[in-house]
Amino acid sequence: MRDARDRFLRNKAAIACMAVLFLIVVFVLVGPQFSQWSNEEIDWDALGDIQTMGAPSLESGHYFGTDELGRDLFARTIQATGTSLLVGLIGSAMALILGTAWGVIAGYVGGRTDNIMMRLVDILLAIPTTLVIILILIIAGRSFVALFVALGAVSWLTMARIVRAQTLALKNREFIEAARAGGVSETMIVFRHILPNLFGVVIVYASLLIPEMILSESFISFLGLGISEPYTSLGALIAQGAGTMAYGTLWQLLFPLFFYVAIILTMFFIGDGLRDALDPKDR
Amino acid sequence: MLKTRKTFLLALVSSSLLIGTASASSKVPDGVKLAEDQTFVYRVLDEHSSVDPQVVEDVTGSEVVRDLFEGLMNQDSDGNLVPGVATGYTVNDDNTVYTFTLRDNAKWSNGDAVTAQDFVYGWQRAVDPELASPYQWFMELMSIRNAAEIIKGEKAKEELAVKAIDDLTFEVTLTAPLPYFAQMTTQSTTYPAPRAVIEKHGDKWTRPENIVSNGAYILTEHVPNERSVRERNVQYWDNDNTILDKTVALVINDENVALTRFLAGELDRTEVPAGQFPRLQKEYPGVAISFPRLCNYYYTFNLSDSGPEAFKDVRVRQALALAVDRKIISEKVLAGGQPEAYTFTPEAVAGFTPPVTEMATMSQADRDAKAKQLLAEAGYDKSNPLSFEMIYNTSESHKKVAVAMSQMWKQKLGTQISLANMEWKVFLETRGNQDFELARGAWCGDYNEASTFLDLLDSESGYNDGKYNNAKLDELLDTAKRSTDAADYYRQIEEMLASDMPVIPVYHYAGVYMMDSDVGNWPVNNVQTRWYSKDLYKTAQ
Amino acid sequence: MGPLLVLAMLSYTIRRLLVAIPTILLLIVACFFLMHVAPGGPFTSERPLPEAVLANIEARYGLDQPLWKQLWDYLTNIVVHFDFGPSFKFKDRDVNDIIAHGFPISLTYGFLAFLAASIVGIALGVAAAIRHNTWIDYFAVCLGVAAQALPNFIMGPILILTFTLWLGLLPGGGWNGGQWQYLVMPVIALSTSYMGSIARITRSSMLEILHSNFIRTARAKGLPEYLIIWRHALKPTLLPVISYLGPVFVYVLTGSVFVDIYFSTGGLGQSYVSSALSRDYAVLLGVTILYGALTVIVNLLTDLAYAWFDPKIRY
């Protein structure tokens, strides 16, 4: 573990990205203090003439300009960034928990249980993710919870496969055999020996999942199935900004896009850094 | 316009004969030079559902069908009735038997004559339970004798009270007089159908390679989700006066992309995205156009038992209706020339003069003050704020209106509102099950008469999702249907709605288009936007 | 490859295909019930249909039958007549027509985008790895990461504005039987983000191989660099890339809804999403089956390709 930390700390790109991500989180937490508008308040004066009155300006208090409805883009971007980060974190956390549990059980129990469980994963993998997401959002309505469930539902499958493969490899290793011979209960073996040894692989994969979750959320927003007003996400803001990019209100696209790209990029490099640090054999 | 309906009908019969002789040259003003290439290209949002006249149910499909087929009557550019296949009609004394005289030169695109039997076949098809047209209800609404029974499966379709007296005489018998019956024959469900072709090709008869039609155009190409092309039908009786050679509908799902393609010169017509009209009007004067349409936009309170207690208090409903600043919504949010709505029925409806309600005459400041006062009287204030959920179906412009309204209420009245947008089918299901508090609603008139709107609030109506129940209103509606001059009743109903406020009228729709300046004769005055390619032309530039 | 190996792979393929049948069957059943759980039906509309009319329509499409009966009829129709049912929304076309029209389109631009993404991505990744820590490397990394980080749906409007409105070079949309002018923008829009990730994977894989012992040995033997890369490094480099390409191929075909929406290409992506929204059950099921079968086949092909590239793996 110590080695891993050292290796990670030596990775300059990953450390720089950690710093950037930290700044973004600080921005989300502290930013509202500097905002002169709330994320849902309409600036009735700007509403009629977004192109000039809604442009970014210090004077009007709209640092990032306003959206199509005269709502402050600074406040909305902060709120959206928070949402997108949460979506990434919770979505991949769900994948992590479900996928690990499924994979460990299948891999450790083995035999017919393994067969059935993994066959189910194969079937679910064959269902197009678009369909699963759309159906869940249609059935469950549009809320944060539904969004997390939808994203978690499509992403735990690969995690389960990876964890199962690792568990299979681990379960016949000498130290497990030794523990078993020493009379340690099966549950204990899983918790004491298998799970800690899976940690590296699982964390690496989960960190790579975060940007994927954020990308998927933006696709959902593009289809108009994202979260409800007045809340918003970076994907939703970008989808709106992309629609109006030719109408002289380019800031509506650029500000959210900047934060979006920044988050995705830092996540990529942090994920790569984690992989290099935790899983040196893989290189 | 519809002062006394009987004289109106009589006038129509005589005047229609006159219009029938008008030639195409009257379509093109003197001195206008026509373009070499007479092709009209327009954008449609979505693929049409069908081009089978009896089956089609969407606006996009109806536009195509109106060009491919021709019914008994057509509409002119002002929405008035003009002859189609029929040159005119007569009505018996108690207004229940209509006899249409067909022109003798109407032909199908394969050269066969259009006869009264083709109409009989088409109308029987429309009510046939086996075809299961989603527009069967329209035939029922037309009050044709036996239609309802046939749809229920109690009688055979041959028993529909339509008759071909001879090849050129078509007779319909109604169960009760229906003042706007003739207007209804412009609906595509009532168009003739080519029996031999349908029986030969079955479901596939509407494919370009099979279709035979009697309108000014024939379908020559259809690439699903991409384009459909209709070209001049040389067999059409009025072909000599048809100017446009070809009409192309391009499917473009995204309105912003459509606008880009319009600006790149690929389209002659597209819709203007919400909020962009003022800018486009400045940059492209005469190209960005707006005209009223026969549709309303409202929010309905859930007044059923499952609805919130607060909305059962008329003061609350009044306060919410008053605090909506319609000027901002129509001028700043949508900004497409949509008329502000203080009545349920759009002002554009023929023969309808909206009552001057108290709310319409007040200034917005007065309205806000009154709203605050009413809400306070009803017992809601800062410590006990009114809170509710409003639902709308997912769409950019519905979202804008909902957000703006909720902010108005929040800022002026301190109400707490949660917004929920739902995917279309879920929305309909939720609203239809009275599983809501405040819901968006909109309606486009089936025909140009106030009852097509006001019927929605009848306590028996299947569309009355707010479950507004007012016996007096039901009675007035009933009386209006049987009267010769209903305008006064409609005004009374609107006054009743204004004081009872079961729904909040927000605005009335407008058609907001980018229309290439070389397109001539677009029917901006036809509030139902019933346009026919045969009436359009392209000028040389 | 010896005849024994071919035989082994053949029997492996057959076994996998046999397993695919129950997989797809279960997929159909799962989707069928999921679909019916969704609120609203195909004929829910703004204007609620009178009961008698609704009854007629449901009778016509067999929707008045119990669910298990509908499912059974659906399955037997597929097996016996290869008929995937009618579309409830598009009255004059059935599911077979819709797929026969849309799938070749999706396949054409999807395959081209897949080729473009693979070729450019691998080339970029290899170049970056060979010229590690030079400007070529930095350029390739930046390009790859940027392409991957931009949400791919914003490419649509950007391309149309640039090529159609400002430059006037390409038509703004449509398919026209797949002429090249109509293909350029869909292919670019669809391939960029995958190109980025392929480049990244190729680069890190290549770097790893170049530092491995057997390459050092080859270098020590004095082989020219291009030969080392071509003969020895490339094949093992592509192993992780291939396992990534399989899913990408499926995504390119199924996730192409934004291409259809922006470029009016008429592919299946848009039909798929709109059939889910309009509850056009048979269309939704038909396309799901197609995509499911495609996933199964592509996964199999990926595994076979893997075996070909890495002789150590045996079945």
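Modeller: Domain bounds here come from an automatic or database domain assignment. On that basis, chain B is divided into domain 1 (8–12 + 34–247 + 516–538) and domain 2 (292–511). The centres of these two domains of chain B, taken over C-alpha atoms, are separated by 34 Å. The model is a predicted one, in which local features need pLDDT of at least 70 and side-chain atom pairs count only at pLDDT 80 or more, while totals for chains, interfaces and linings use all residues. Residues are numbered from 1 along each chain as its sequence is written, chains are lettered from A in the order in which they are written, and side-chain values use heavy atoms, with hydrogens and water left out.

Biologist: What makes residues of domain 1 and domain 2 of chain B part of a contact?

Modeller: Contact means heavy atoms within 4.5 Å. By this rule, domain 1 of chain B contributes 9 residues and domain 2 of chain B contributes 11 residues. The buried area, that is, the accessible area (1.4 Å probe) that two parts lose on being put together, summed over both, is about 950 Å² between these domains, and carbon and sulfur atoms give 56% of that area. Of the area that domain 1 of chain B buries against domain 2, Y180(B), V527(B) and Q528(B) supply 57%, more than any other three residues.

Biologist: How many salt bridges are counted between domain 1 and domain 2 of chain B, and what is the count between chain B and chain A?

Modeller: A salt bridge requires a side-chain nitrogen of Lys or Arg within 4 Å of a carboxyl oxygen of Asp or Glu. The count between domain 1 and domain 2 of chain B is 0, whereas the rule finds 2 across the interface of chain B and chain A.

Biologist: Why is the pair K410(B) and E40(A) called a salt bridge?

Modeller: The closest N and O atoms of K410(B) and E40(A) are 2.2 Å apart, and the limit is 4 Å, so the pair qualifies. The interface of chain B and chain A takes 25 residues from chain B and 19 residues from chain A. About 2000 Å² is buried there, with 54% given by carbon and sulfur atoms.

Biologist: Which element of chain B gives the largest share of the side that touches chain A?

Modeller: Helices (H or I, at least four residues) and strands (E, at least two) are DSSP runs, numbered from the N terminus. The count between chain B and chain A is 7 residue pairs in polar contact, both at pLDDT 80 or more. Among the elements supplying at least two residues of this side of chain B are helix 8 (255–263) and strand 14 (416–422). Helix 14 of chain B provides the largest share, 9 residues.

Biologist: How do you know that E47(B) is buried?

Modeller: Buried means under 20% relative accessible area, exposed over 50%, and partly exposed in between (1.4 Å probe, protein chains only). E47(B) has 4% relative accessibility and therefore counts as buried. The residue lies in the loop between strand 1 (39–44) and helix 2 (59–68) of chain B.

Biologist: What makes the pairing of E47(B) with H222(B) a polar contact?

Modeller: A polar contact is a pair of N or O atoms within 3.5 Å; within protein, one must be able to donate a hydrogen and the other to accept it, and residues adjacent in sequence count only if both atoms are side-chain atoms. The side chains of E47(B) and H222(B) make such a contact at 2.7 Å. The side chain of E47(B) also reaches the backbone nitrogen of N225(B) at 2.7 Å. Residues touched by E47(B) include F90(C) and R93(C).

Conventions: Lists of a residue's contacts leave out its neighbours within four places in sequence.
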